[in-house]
Amino acid sequence: MIELNYILIVSAIMMFAGIFGFLTRRSTLAILLSIELMLNSADINFAVFNRMLYGQSGNTEGFFFTLFSIAITAAESAIAIAIMVNIYRLIKDTSVDKLTKMKW
Amino acid sequence: MDSHNIMFIILAVIIACSSLACVLAKSIIRAATYLFFALLGTAGLYFLMGYTFLGSVQVMVYAGGVVVLYVFAILLTRGKKDRLSENTKTKIFTSALLSLVGLGIVLFAIFKQEFLASALDAPNENVLPIKEVGTSMLSTDVNGYLLPFEAVSVLLLACIVAALLIARKR
Amino acid sequence: METQFLYTILILALPFCSFLFLGLFGHKLSHKVAGLIGTTSLGLVFLLSLYTAFEYFFGIGRNVQGIYQALVPYNTTWLPLGNLHFDMGILLDPIAVMMLIVISTVSFMVHIYSFGYMHGERGFQRYYAFLSLFTMSMLGLVVATNIFQMYLFWELVGVSSYLLIGFFYTEKPAIAASKKAFIVTRFADLFFLIGILIYGYYAQTFSFSFVETGSVREFASAAFMLPTALFLMFIGGAGKSAMFPLHIWLPDAMEGPTPVSALIHAATMVVAGVYQVARMFPLWIAYAPDTLHIVAWVGAFTAFYAAAVACAQSDIKRVLAFSTISQIAFMMVALGVCMPLPNGASPELIDHEFGIGYMASMFHLFTHAMFKATLFLCAGCLIHAVHSNEMSAMGGMRKYMPITHWTFLIACLAISGIPPFSGFFSKDEILEASFAYSPVMGWVMTGIAAMTAFYMFRLYYGIFWGTENKEHHAECHPHESPLAMTFPLLFLTAITLVAGFIPFGKIISADGLAYDFLAHFNWALGAKSCFIALISIGLATWIYKGEKQPIADKMQNAAPHLHRWAFKRFYLDEVYQFITHRIIFKYISATIAKFDRKYIDGFFNFLAWGTHELGFQIRGFQSGSIQKYAFIFFLGALALLLVMIL
């Protein structure tokens with residue numbers, strides 16, 4: 001039988017795939033994609049734990065947390081992409097090791 | 001084996017494979033596509049858990065909105081190939097090691113921890129009614145989420161303005 | 001009775017306020033205003049001191065035992081230390097009141113004189129501020145109620161002396177002289193402090209009130225340590241009062257402005273050592289009469305040495321400086337030759353017959369302050385006129401500066417001990433006390449008195465008669481000084497003329513009882529010393545008065561080594577130089593410095609080096625690469641996770 005907490009395994013795989021991508025990707029857009037993966041896996045966990053703990057009892061904290069998290073993620077990625085586009089316009093590159101203008 | 005169990009296995013395979021493909025793909029546009037599949041798979045999991053509203057929001061906002069945004073951004077910037085082999089071997093090795101060890105620790109924690117053993121039910125048996133979602137989202141009592149709802153709406157507005165401000169041509 | 005003297009706090013407060021005001025805001029004032037502020041406050045102090053003296057000696061008068069009682073109008077505990085406590089206060093007794101008069105008079109005159117002498121100098125306001133500071137410290141020293149307060153003001157006096165000697169701080173010799181004065185006196189003060197601490201530890205008090213109803217306090221268990229403590233204090237006093245071998249700073253201190261030399265290095269500060277011994281005198285007599293012999297012989301040797309050196313110097317201020325050393329040594333001798341009662345080992349107060357030296361010492365302190373200040377101020381006028389300290393630049397000055405000439409002559413006669421000038425009386429008392437002590441001491445002191453007369457008149461003839469340096473005089477047009485400078489000369493000379501007739505024994509004597517010394521005056525001795533002084537003066541006249549000085553040259557050629565040795569002050573400075581530089585600096589200080597540089601510094605350098613290296617090693621973490629940061633962040637997160645699940 002498949003149990004609810006097996007979903008946690010799936011989300012763990014997703015999370016560590018995201019971490020691996022974050023550590024190895026060079027393009028900042030690809031790094032953002034990895035961040036989306038990590039966030040998504042966290043969202044899954046909220047939903048799973050909500051279902052696991054409260055079932056049908058009507059308590060929906062994890063559910064709503066996921067819901068707002070999705071909204072905030074959308075906002076975050078919109079800003080991030082705006083910044084990336086702006087950076088690309090300025091230095092014609094989005095590699096993470098080239099973005100050193102603002103460091104010093 | 002029930003149909004929803006089979007469905008879970010299919011979704012799990014899709015999510016795991018497309019997550020890995022997303023971080024390993026050479027072309028960014030492909031990576032975005034794999035991300036799209038992973039997000040869709042996640043939406044499937046939400047449906048499976050009976051959170052139909054959450055699943056549809058996931059499809060609409062994440063898969064439909066965010067990924068499209070990424071695709072546009074990728075198309076606007078020069079799609080340079082992003083190979084793993086461009087990194088040094090030690091970097092890849094240590095990153096992979098960290099990820100695998102981390103995954104191992106988390107899996108160990110999941111199996112060691114005795115979670116409430118609740119089986120995955122058939123989706124139609126425990127659907128969270130949308131009416132309930134709507135009333136608690138707009139109510140102000142103990143289980144109400146009006147304040148975060150309004151805060152998020154303000155955040156989204158600010159975010160639209162900020163995105164426009166940052167990305168506009170000077 | 002004591003409340004009526006509460007105003008005496010003003011005597012300290014006024015110069016202190018003027019010091020603060022001139023020191024803080026002086027640079028905003030004009031020279032004239034700054035000088036007037038300083039001089040006015042000193043004038044008030046002068047008047048207050050006179051009033052205090054009048055009230056003390058005539059208003060209150062003697063008590064039933066027939067002595068002037070010591071009054072403490074003001075006393076407060078400053079630092080309590082268990083049984084001991086450091087007090088600050090004002091003590092009025094005959095010698096303190098006498099010193100108040102001396103200090104305020106000379107200081108006031110010097111303030112007036114400086115108007116002319118320092119006219120237009122850079123740092124005029126600073127000069128007046130320092131003068132006020134000095135006067136405050138010196139007044140605080142003499143009215144101290146306890147030895148510790150005395151020590152505090154003693155050091156303040158040393159500091160202001162240092163500041164004033166180094167007043168022309170752009171000139172190298174002035175800097176060197178100020179440092180030398182400070183270090184030498186400070187070295188001596190170390191012994192003073194040790195003496196104070198020993199005294200405080202054993203006697204369980206710092207207070208000067210050891211005389212109670214006519215007898216000295218009992219120090220049951222402390223008596224055996226008192227001679228040591230007193231001798232250590234005497235070393236401190238010897239440093240300040242320039243006793244051999246700690247006198248080396250005083251001749252160099254003449255680099256300071258001449259009015260400063262008159263005030264500090266002739267009249268007031270240098271007698272602080274004498275004053276200190278006089279202050280502790282009841283203890284000396286009661287507990288350490290044997291140690292007092294050392295004081296006497298150190299004084300006698302210093303007097304002889306300084307007089308011998310003074311005979312060969314050519315710088316007029318140096319001659320006066322050595323003369324000062326010699327005269328202060330006279331005062332020390334006078335204190336040293338006092339003896340306890342022949343029958344009594346009991347700590348009874350000394351009888352005034354045996355304690356005549358005490359009275360003589362204070363008397364000589366008073367008269368010497370007046371005539372030596374006059375001499376220095378005259379020297380200031382001369383230097384002002386010819387812009388040189390050397391006798392060779394002078395000669396024949398009597399034609400140009402009549403007032404200076406006459407005042408200088410009177411002061412010279414006074415110091416030589418010619419009646420009726422004040423020096424005769426005070427010096428005669430000292431000689432009488434010396435003869436009473438032992439005939440050897442008596443004759444030695446008489447000989448030194450003769451030398452005093454000789455070198456003073458050598459100086460006098462060298463300046464006012466002798467060979468005139470016509471070329472130099474044509475160049476700088478010597479002329480009489482302005483009124484601001486001559487008035488103090490005349491005033492102090494007037495005091496010198498009459499001071500001898502002050503019945504000093506009635507005011508100050510060892511046991512406090514009135515003592516009419518004229519009734520006891522040894523006329524034979526007076527005539528003898530006067531006769532010897534006259535012979536010396538005649539000798540000096542014979543040798544130095546003429547235009548040409550064949551005898552002086554012949555003497556110099558006959559004993560070239562002796563003259564050279566005396567001129568070089570018997571090479572004592574060189575000996576000090578050798579000991580400090582060649583032995584102490586080279587072998588002791590250099591070793592310690594090496595240790596300090598190698599091991600102490602080395603340890604801290606090692607620490608710094610280690611920190612630097614460590615930082616160098618770990619700076620790789622701050623690469624600025626976000627992925628490296630993230631890597632470490634995830635590592636940390638995993639570690640936390642591990643901690644939580646295990």
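Read from the N terminus, the elements of chain A follow the order α-α-α, and the count for this chain is three helices and zero strands. The model is a predicted one, with an ipTM of 0.90 and a pTM of 0.69.

**Chain A as a whole**
- Chain A has 104 residues, of which 54% count as buried.

**Helix α2 of chain A**
- Directly after α2(A) comes A:Gly55, which takes a positive phi of about 55°.

**Annotated spans of chain B**
- An unreviewed UniProt entry places the feature "transmembrane region" at residues 6-25, 32-53, 59-78, 90-111 and 145-167 of chain B.
- One of these spans, residues 90-111 of chain B, is 100% helix and 0% strand in the model, with its end C-alpha atoms 31 Å apart.
- Another, residues 145-167 of chain B, is 96% helix and 0% strand, and its end C-alpha atoms lie 32 Å apart.

**Where chain A meets chain C**
- Seven residues from chain A and seven residues from chain C take part in the contact.
- On the side of chain A that touches chain C, the residues comprise four nonpolar, one polar and two charged.

**Confidence of the prediction**
- Chain A has a mean pLDDT of 85, with 91% of its residues at 70 or more.
- Within chain A, confidence is highest in helix α1 (residues 6-24), at a mean of 92, and lowest in helix α3 (residues 61-91), at a mean of 88.
- For chain C the average pLDDT is 83, and 93% of the residues score at least 70.
- Residues 344-349 of chain C form a stretch where pLDDT stays under 50, and for this stretch the model has twelve contacts beyond four places in sequence.

How values were computed
Residues are numbered from 1 along each chain as its sequence is written. Chains are lettered from A and ligands numbered from 1 in the order in which they are written. This is a predicted model: local features need pLDDT of at least 70, side-chain atom pairs count only at pLDDT 80 or more; totals for chains, interfaces and linings use all residues. Two residues are in contact if their C-beta atoms, placed from the backbone, lie within 7 Å. Ala, Val, Leu, Ile, Met, Phe, Trp, Tyr, Cys and Pro count as nonpolar, Asp, Glu, Lys and Arg as charged, and the others, Gly among them, as polar. pLDDT is the predictor's confidence in each residue, from 0 to 100. Helices (H or I, at least four residues) and strands (E, at least two) are DSSP runs, numbered from the N terminus. A residue is buried if 20 or more other C-beta atoms lie within 10 Å of its own, exposed if 12 or fewer, and partly exposed in between; C-beta atoms are placed from the backbone. UniProt positions are given in the numbering used here, feature names are shortened, and annotations may be inferred rather than shown by experiment.
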